[in-house]
Every structure is written in structure tokens, then in C-alpha cells.
Amino acid sequence: MDGSKQSTGGTSCLTTGELQQHFREMKNSEKSPRGKLLFVVSDAQQDEEDACVEVALLSTGSFSPRHVTVRRSHAHFSRFHRQLQAEFGEELERAALAAPPLRGRGPAQAQAQALQDYLSGAFAVCGHSPLFARFLTERERARARVLMRAGRYADALEQLARVLAVHDKLLPWHRRSATWAVPTLAAVAVCHRDLERPREALAAGQRALPAVRRYGMRRYRAPLLRLLVDAGHRLGRPVARLQEELTAAEDAGPAAAAAASLKEVVLDDLAD
């Protein structure tokens, strides 16, 4: 419904109807028939740490028009820009980041528009960088890690779902995002396993395994296969081939790496 304020990956200050209208306007203004990733920034309530905005990701072309929303503070934007400057230098001249606005100074709409223009310009120049995926997922990954360490797996899954939604938005433009999603999918598998949901754990692990195999992600191979074998056994599925692959992976790698639990590997990478 147009009046709803619910969005994939969080609650936006823009209604769904407003986002759909904004999407149509931006899509109609595109001269190229190819899909593009678009950003819509709106003002948000005060965060406990800093003034925040909502960043909605929308895709044009043949991709899904559903939006994904994350919340970022002006401190996040400033740190992100410093990271981009360190990697890309002069390439960012046409994507200058406006200084974070002082609280209570200037119209919120103008401030949001400045950040929106910045994201669009920066993405056009260096959207292929892993820094973009990190910026759009770092807060949720950090929260998921804290929740997993506390054993709050159901709450961690909510954060991980937001991360996966961002990865799905990035995938049409970045084939490497298949590897970016592996730690998140592995974390989802761990959460479901520890919640005694072997079916869901198996499904998440199976989504991560092709990228682990294809891109030689050795740290994940044995721990992930171990989880899949265990989940398969619980569900009465045939696991002989997975067991053979697990044995080969354990024999081929360092003993410490082969013995590591998937949760240990995941918690390491979520902190990155």
C-alpha cells in the first residue's frame, strides 16, 4: 500500500508511495536503457550517537524496483569519504562530499539532497570498490556480530537479512559481490543451526558454497562443509559427496584452519 512506511531492510522516513514516485521520476529521467543503482536520502530521527539519514537503494531497468533502506550517520559519511579519498584520490573530484551539517542548521531536505548527490556521484566513479559494500552494510554487520556473540541469534538474523538485501542490490553491477555475501550467508547458517533449524541452515550454507568453491575461499571451505554435513545428517539427506569433499579440504589445508568452527571464521569477518 502507498501509505505504508515499511521497507525492505528497515523503516524509512519516506513512505512506500513516495519512494515509488521518486523511483518513477528518476527512471524516466534516465537516457540509457541499462539499469542503474539509485540512492534516495531522507532525513531521520536523531540517533543516540549522531544525526542520521535514511539511505534507500533503488534499481532501474530490468531489476526489482523494491527498495532497501539503511540508516547512516554523518560520521559514517565522513569516514567513508576519507576511505574513498585514500583509495581513489583525484578521481573523486567530481563527487565532493558536503561537510556534515551542524545540527539544527539549514533545511534538512537540502542536506539530504547533498548526500544523495554525493552517493550518486561517488558510485559512478568508484562503485566497484568493496568500500561501497562495506559502507552500506558495516553497521548491520557489526550489530549482527554483537548479537551472535551474545547468543541472540534471532535478532542477529534480522540484521543479516538487511546485509543480504544490500548485496542483492549490488549483484547486478558487481559480480564480486558473490564473495562479499559469503560471510553473511555463513553467519545466517550458523544462526539457524544454533536455533535448531537445520533446514534453514542447510539452505543458507548451500547458497554460500558455490562461491567458496569457485573463488578458493579456503578459510570457509572445511567449516562450511562441516555444517552442511551435520545439517544433512539431521535431515536425513545424502551427504556422502559433501563428506568426501570435507575430508579432502581438511587434509589439504593447515590443521588449525581446518579445525576452526564456522562461527569463529564468521565472527572474524563480520568485524572487518
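Reader: Which way do α9 and α10 cross, left-handed or right-handed?
Author: In this predicted model, the crossing of α9 and α10 is left-handed.

Reader: What are the residues that make the contact?
Author: From α9 you get R221, A222, L225, R226, L228 and V229, and from α10 you get L242, Q243, E245, L246, A249 and E250. Sorted by class, that's seven nonpolar, one polar and four charged residues.

Reader: And at what angle do the axes cross?
Author: At roughly 155°, with the axes coming within 9 Å; α9 covers residues 218-235 and α10 covers residues 240-252. Angles over 145 degrees count as roughly antiparallel, so α9 is roughly antiparallel to α10.

Reader: Ok, what about α7 and α8, how do their axes cross?
Author: Helix α7 (residues 182-194) and helix α8 (residues 198-214) have axes that come within 8 Å and cross at roughly 155°. So α7 is roughly antiparallel to α8, and their crossing is left-handed.

Reader: Which residues of α7 and α8 meet there?
Author: On the α7 side, V182, L185, V188, A189, H192 and R193; they meet E200, A201, A204, G205, R207, A208, A211 and V212 of α8. That contact divides into nine nonpolar, two polar and three charged residues.

Reader: Switching topic: how many helices and strands are in the whole protein?
Author: The protein has 12 helices and five strands.

Reader: And what share of the residues is buried?
Author: 48% of the 272 residues count as buried. As for the surface, the accessible area is about 14200 Å², with 49% of that belonging to carbon and sulfur atoms.

Conventions:
Residues numbered from 1 in each chain as written. Predicted model: local features only at pLDDT ≥ 70, side-chain atom pairs only at ≥ 80, totals over all residues. Heavy atoms only, no water. Helix = DSSP H or I, 4+ residues; strand = E, 2+ residues; numbered from the N terminus. Buried < 20%, exposed > 50% of the residue type's maximum accessible area, 1.4 Å probe, protein only. Areas by Shrake-Rupley, 256 points an atom, 1.4 Å probe, with all protein chains shown as cover. Axes fitted to C-alpha atoms, helices over the stretch in contact; angles between N-to-C directions. Parallel < 35°, antiparallel > 145°, perpendicular 65-115°, else oblique. Left-handed = near helix turned anticlockwise from the far one by under 90°. Contact = heavy atoms within 4.5 Å. Nonpolar A, V, L, I, M, F, W, Y, C, P; charged D, E, K, R; others polar.
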